[in-house]
Amino acid sequence: MHVERFESALWQTSSLLLVADGEAVAIDPGISRQEVEELAARAAELGAPVTHVLATHADWDHVCGIAAFPGAVAAMGPLTAQAVAGGGPAELIARRALEYGLETVGPPRVDRTLAPGRAHHVGPFTVETIALAGHTPDGLGFRVRSLDVLAVGDHLSTVEFPFVSDTAAYRFTLAGLIDVLRHDPPAQVVPGHGPPLSASQALEIAEADLAYLRALRDAVAGALASGADRERAHEAGLEAQPPRPAEIAGVHAANVETQLDELLEA
Ligand SMILES: [Zn+2]
């Protein structure tokens with residue numbers, strides 16, 4: 001019984017292969033056709049065909065490999081399932097494939113919905129699901145105790161800072177992950193992008209990310225409280241520096257806008 005991590009050439013995106021009893025479970029297999037086929041070939045080489053595919057969230061780079069496993073059960077959280085069924089990710093996969101010059105395997109699908117906060121039988125494994133909203137509303141972490149591994153989707157990355165859709169939710173997610181990492185740590189934490197981490201490395205990232213989001217809120221709220229208009233509050237928010245660089249541009253400013261939307265009265 002073991003776990004193998006694969007890394008895409010795009011954004012160091014993580015795919016996992018969990019193997020036991022002649023069967024394999026893939027998490028976020030991606031991104032290009034060739035990369036996904038390499039993962040499938042490795043499973044075949046181990047005599048453990050992929051019977052289940054899990055997706056941490058519906059972002060295109062995490063669901064773009066599902067179609068390579070037509071015989072497997074594609075399982076994900078209810079909000080991810082809703083997004084996939086709605087067709088948005090399929091459209092985005094096609095668009096991004098063109099944009100990045102990638103050949104991808106096709107549109108994603110959903111076969112099974114996993115309730116958050118529960119343990120589920122997934123192939124030969126018991127998989128505990130943890131709701132992780134913040135990067136996207138639908139994030140779902142997967143913990144497999146028999147392999148001592150926790151996959152957290154696009155949180156806790158050493159190659160990104162928080163890409164936030166909801167700052168309050170993201171702070172709650174980080175606070176929850178910090179509690180898990182302190183009191184019930186897995187041996188290995190696998191973020192959606194960048195290298196796998198020990199629990200103590202992941203804790204360091206979580207603390208730094210939470211400090212950044214706290215500073216972002218304080219800066220924007222403080223400016224608004226002292227009478228700043230939106231533009232000046234935006235400038236103040238930009239002073240909250242992300243804890244590390246990221247490959248994608250514009251996220252720092254987008255996080256400030258998200259924070260502003262949450263604090264300004266509708
Ligand atoms: Zn991602």
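Colleague: Which residues in H6 does H5 meet?

Modeller: This is a predicted model, in which local features need pLDDT of at least 70 and side-chain atom pairs count only at pLDDT 80 or more, whereas totals for chains, interfaces and linings use all residues. Residues are numbered from 1 along each chain as its sequence is written. Helices (H or I, at least four residues) and strands (E, at least two) are DSSP runs numbered from the N terminus, and residues are in contact if their C-beta atoms, placed from the backbone, lie within 7 Å. On the H5 side stand Thr167, Tyr170, Arg171, Leu174, Ala175, Leu177, Ile178, Leu181 and Arg182, and they meet, in H6, Ala199, Ala202, Leu203, Ala206, Glu207, Asp209, Leu210, Leu213, Leu216 and Arg217.

Colleague: How many residues of the contact of H5 with H6 are nonpolar?

Modeller: Ala, Val, Leu, Ile, Met, Phe, Trp, Tyr, Cys and Pro count as nonpolar, Asp, Glu, Lys and Arg as charged, and the others, Gly among them, as polar. In the contact of H5 with H6, one residue is polar and five are charged. The nonpolar residues there number 13.

Colleague: Are H5 and H6 roughly parallel or roughly antiparallel?

Modeller: Axes are lines fitted to C-alpha atoms, for helices over the stretch in contact, and angles run from 0 to 180 degrees between N-to-C directions. H5 (residues 167-183) and H6 pack at about 150°, with axes 9 Å apart. Angles under 35 degrees count as roughly parallel, over 145 as roughly antiparallel, 65 to 115 as roughly perpendicular and the rest as oblique. The angle therefore makes H5 and H6 roughly antiparallel.

Colleague: What is the handedness of the crossing of H5 and H6?

Modeller: A crossing is left-handed if the near helix is turned anticlockwise from the far one by less than a right angle, and right-handed if clockwise. The crossing of H5 and H6 is left-handed.

Colleague: Which residues of H7 make the contact with H6?

Modeller: H6 (residues 199-225) and H7 (residues 230-238) pack at an angle of about 150° with their axes 8 Å apart, and are therefore roughly antiparallel. H6 passes H7 in a right-handed crossing. From H6 the contact takes Leu216, Ala219, Val220, Gly222, Ala223 and Leu224, and from H7 it takes Arg232, Ala233, Ala236 and Gly237.

Colleague: How many residues of the contact of H6 with H7 are charged?

Modeller: Seven residues of this contact are nonpolar and two are polar. The number of charged residues is one.

Colleague: Which helices cover the buried residues of H7?

Modeller: A residue is buried if 20 or more other C-beta atoms lie within 10 Å of its own, exposed if 12 or fewer, and partly exposed in between, with C-beta atoms placed from the backbone. In H7, Ala233, Ala236 and Gly237 are buried. They span an arc (taken from the directions from the helix axis to the C-beta atoms) of only 100°, which puts them on the same side of H7. Their cover includes H6 and H8 (251-263).

Colleague: What arc do the buried residues of H3 cover around the axis?

Modeller: In H3 (residues 78-86), the buried residues are Thr80, Ala81, Ala83 and Val84. They lie on the same side of H3, because they cover an arc of only 165°.

Colleague: Which residue, with positive phi, follows H3?

Modeller: The phi in question is near 90°. The residue that follows H3 is Gly87.

Colleague: Is Leu156 buried or exposed?

Modeller: Leu156 is found in the loop between S10 (149-151) and H5. Its phi is near 60°, a positive value in a residue other than glycine. Because 30 other C-beta atoms lie within 10 Å, Leu156 is buried.

Colleague: Is Asp21 buried or exposed?

Modeller: Asp21 lies in the loop between S2 (14-20) and S3, and its phi, near 50°, is positive. With 10 other C-beta atoms within 10 Å, Asp21 is exposed.

Conventions:
Two residues are in contact if their C-beta atoms, placed from the backbone, lie within 7 Å.
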